[in-house]
Amino acid sequence: MKIGTPRELYEGEARVGMTPDSAQALQKLGYDCIVEAGAGKAAGFSDDAYRAAGVTVVDSADALYAGSDIIAKVRPPETSEIDRLSSDKTLISFFYPAQNKDLLEQAKEKGANVIAMDMVPRISRAQKMDALSSMANIAGYRAVIEAGNNFGRFFTGQVTAAGKVPPAKVLVIGAGVAGLAAIGTATSLGAITYAFDVRPEVAEQIESMGAQFVYLDFADQQQDGAATGGYAAPSSPEFREKQLEKFRELAPQIDIVITTALIPGRDAPKLWLADMVAMMKPGSVIIDLAAERGGNCDLTVPDQRVVSDNGVIVIGYTDFPSRMAAQASTLYATNIRHMMTDLTPGKDGKPVHNMEDDVIRGATVTYQGEITFPPPPPKIQAIAAQKPKERAKELSPEEKHAKERAEFKAQTKNQVGLLVIGTALLLLVGLFAPASFMSHFIVFVLACFIGFQVIWNVSHSLHTPLMAVTNAISGIVILGALLQIGSGNWLVVILASLSVLIATINIVGGFLVTRRMLAMFQKS
């Protein structure tokens, strides 16, 4: 069968659904690949590059749709593109069925199978096909680059001969894939980065990337705003008020705001209001990644750059992935290729549309003339949100003193108990052993006790130099044990033999470990 990729009709779209590399991988699955002339030009993939990869290049979309069994593209199809489909064809693309019900009905009437890449379920096995995450990762990175392009200062702080330059302060609202990508990029550029999310379990991820999580003084934050599968859910009015109050507190000191908050199946929530924009310093920048769904900022206009009355720049571009077309096309084409791998278990170029498979069923929105959206919940549980680790409670000086006293008492009790048990054992041995043995045995026991206490309390960083001392001690032990082996008492002979064995292991092991550690510092 043949897989075809047309040129995108959406104005300004530079991505392409198939790259020369992904085409070669699809050919290994048994498919022939077709691409419309010029489809990959804006992404940096020439027609000659496709031909070199064994792809057939056709001159028109009509020829491509007529000769392809499976159509792989990026943007949701236009009405004219669905008109070219038929019951024997499958379309794979972003579709957004909840927002494009007319397109869904049209695809149903055509009888075509439609796989929506935006409907891939969030389960572990489907991560390799998660095109939304691939594009969100690029959007988050590009948002910071776009902010830097419009921001009139450095991200990182500098001390120069001309004076001191303070670092930029960046606030990222929403810590999903796009938000985390923005956090990583902003911190790597040296900005002081803050981040907020309604899901407190992501605080540890945010802090591990070098940013500061913005906590709310809200008792029910642990439950409010989190939904299954790692997505955010609508917040309560009380939580929202606390949220906006915190943002108003931060607004005057923040230089760059990047908003990424979206709720599945709803318009983007308004989180950065007009009064917050008015509080910001002139020259500050707001990047609204939710602009396509109405935006998180009151002043956002989709696909436009707006400057507020007080000089704040509000950017509502909806094509951030397309602005990095080569990288976005590569990742998206890889997601398509993984989807085709699941659809082609036999690797024979014959797709098997298994509606019992969680991933295929979840992504399929029309099948054999029927609308299959919305899908049932996957049989395999979605990636669950991890519970946040509880923060260690700060102890007061009185509590610390009481804790240290209790630990000291417990340690003393344990040591006294060991001494009592040891003394009882010595008395028991003394009832049967000869006097000469007891004198040596007492010295041995005391040496073990003192040695244990000394070695146990040595800092870990001194363990390696300490090996030289312990080897010397072990040498003395061996000499003493060899002298005792000639004793006429069988118990002394056994103990002396054990001492020789243990001390030898200690010496040999010490030399081997030391040699290995020294080798780590030698040039290979």
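Biologist: Contact here means heavy atoms within 4.5 Å. Which strands does α6 lie across?

Modeller: This is a predicted model, to start with. In it, α6 lies across β12 (256–259), β13, β14 and β15. Its direction makes an angle of about 150 degrees with β13.

Biologist: What is the order of the open sheet of 7 strands?

Modeller: The order is β11-β10-β9-β12-β13-β15-β14, and the pairing is mixed. The edges are β11 (212–213) and β14 (305–307), and each of these pairs on one side only.

Biologist: In which sense do β13 and β15 pair?

Modeller: They pair in the parallel sense. β13 covers residues 285–288, β15 covers residues 313–315, and there are 3 bridges. As an example, isoleucine 286 has valine 314 in β15 as its bridge partner.

Biologist: How many bridges join β9 to β10?

Modeller: β9 (residues 169–173) is joined to β10 by 5 bridges, and the two run parallel. Look for valine 172, which stands opposite alanine 195 in β10.

Biologist: Why is β10 called largely enclosed?

Modeller: Because 4 of its 5 residues are buried. β10 spans residues 192–196. Buried means under 20% relative accessible area.

Biologist: Let me pick a residue in β12. Is isoleucine 256 buried or exposed?

Modeller: Isoleucine 256, which lies in β12, is buried because its relative accessible area is 0%.

Biologist: What does isoleucine 256 touch?

Modeller: Leaving out residues up to four places away in sequence, it touches Ala147, Phe151, Phe155, Lys169, Val170, Leu171 and Val285.

Biologist: Which residues in α6 and α7 meet?

Modeller: From α6, Ser133, Ala136, Asn137, Gly140, Tyr141, Val144 and Ile145. From α7, Val177, Ala178, Ala181, Ala182, Thr185 and Ala186. By class, that contact has 9 nonpolar and 4 polar residues, with no charged ones.

Biologist: Why would the contact positions in a helix be spaced like that?

Modeller: An α-helix has 3.6 residues a turn, so residues three or four places apart point the same way.

Biologist: New topic. What is the order of the open sheet of 8 strands?

Modeller: β3-β2-β1-β4-β5-β6-β16-β17, with mixed pairing. Its edge strands are β3 (56–58) and β17 (370–371), each pairing on one side only. Inside, β1 (residues 2–5) and β2 (residues 32–36) run parallel and are joined by 4 bridges. Glycine 4 has isoleucine 34 in β2 as its bridge partner.

Biologist: Which strands does α11 lie across?

Modeller: β1, β4 (70–72), β5 (90–93) and β6 (113–116). α11 is residues 325–343, and it runs at about 140 degrees to β5.

Biologist: And α1, which of its residues are buried?

Modeller: Among residues 20–28 of α1, the buried ones are Pro20, Ser22, Ala23, Ala25 and Leu26. They pack against β1, β2, α2 (47–52) and α11. Just after α1, glycine 30 has a positive phi of about 100 degrees.

Biologist: What is the phi of tyrosine 96?

Modeller: Positive, about 50 degrees, although tyrosine 96 is not a glycine. Most residues other than glycine have a negative phi. Tyrosine 96 sits in the loop between β5 and α5 (101–110). With 29% relative accessible area, tyrosine 96 is partly exposed.

Biologist: Where is glutamine 368?

Modeller: In the loop between β16 (364–367) and β17. Glutamine 368 also has a positive phi of about 50 degrees. It is exposed, at 58% relative accessible area.

Biologist: Which residues does the cis peptide bond join?

Modeller: Phenylalanine 373 and proline 374, with omega about 0 degrees. Find proline 374 in the loop between β17 and α13 (397–430).

Biologist: Last one. How many disulfides does the count come to?

Modeller: The count is 0. Cysteine 33 is buried at 2% relative accessible area. Cysteine 297 is buried too, at 0%.

Key. Residues numbered from 1 in each chain as written. Predicted model: local features only at pLDDT ≥ 70, side-chain atom pairs only at ≥ 80, totals over all residues. Heavy atoms only, no water. Nonpolar A, V, L, I, M, F, W, Y, C, P; charged D, E, K, R; others polar. Pairing = 2+ DSSP bridges. Axes fitted to C-alpha atoms, helices over the stretch in contact; angles between N-to-C directions. Disulfide = S-S within 2.5 Å. Buried < 20%, exposed > 50% of the residue type's maximum accessible area, 1.4 Å probe, protein only.
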